[in-house]
Amino acid sequence: MLKTICFMLLASVAGSTAAQATVRPDPADPKAAVPARPYESVLKDYRPYIDPDVAHWRQSNEEMGRLGGHVGHVPKAQGPTVQPAAKPPAQGGHGSHK
């Protein structure tokens, strides 16, 4: 069993080194053969800007008045108000460092 495991490990290492043994051309050699790269434009996915439809100013003003102004985009919740939590005691300087 141990011989089989050792043989399998040796075979896998030998196979991986054989796969990496391909000779690469010298990058400094100007006559080295390299694969051709097709031209791909950087603007192939370009979409021209289109101005969005703008609402009429009078309709926008009427809607803001109905909502309660700029701050009134989200109406306040009706119901009991929540009291803010009590403030923690003030600490001097950097937290608990004294």
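Let me start with Glu40, which counts as exposed at 56% relative accessibility, where exposed means over 50% relative accessible area, buried under 20%, and partly exposed in between, with a 1.4 Å probe and protein chains only. The model is a predicted one, in which local features need pLDDT of at least 70 and side-chain atom pairs count only at pLDDT 80 or more, while totals for chains, interfaces and linings use all residues. Residues are numbered from 1 along each chain as its sequence is written, and side-chain values use heavy atoms, leaving out hydrogens and water.

What does the side chain of Glu40 meet in a salt bridge? The partner is Lys44, at 2.7 Å from N to O, and Lys44 is exposed too, with a relative accessible area of 52%. A salt bridge here is a side-chain nitrogen of Lys or Arg within 4 Å of a carboxyl oxygen of Asp or Glu, and by this rule the count comes to one. Side chains of opposite charge can pair when their charged atoms come close.

Turning to the whole protein, there are two helices and zero strands, both being DSSP runs numbered from the N terminus (helices H or I, at least four residues; strands E, at least two). Leu9 is found in helix H1, residues 2–19, and is exposed, with a relative accessible area of 54%. Of the 98 residues, 1% count as buried.
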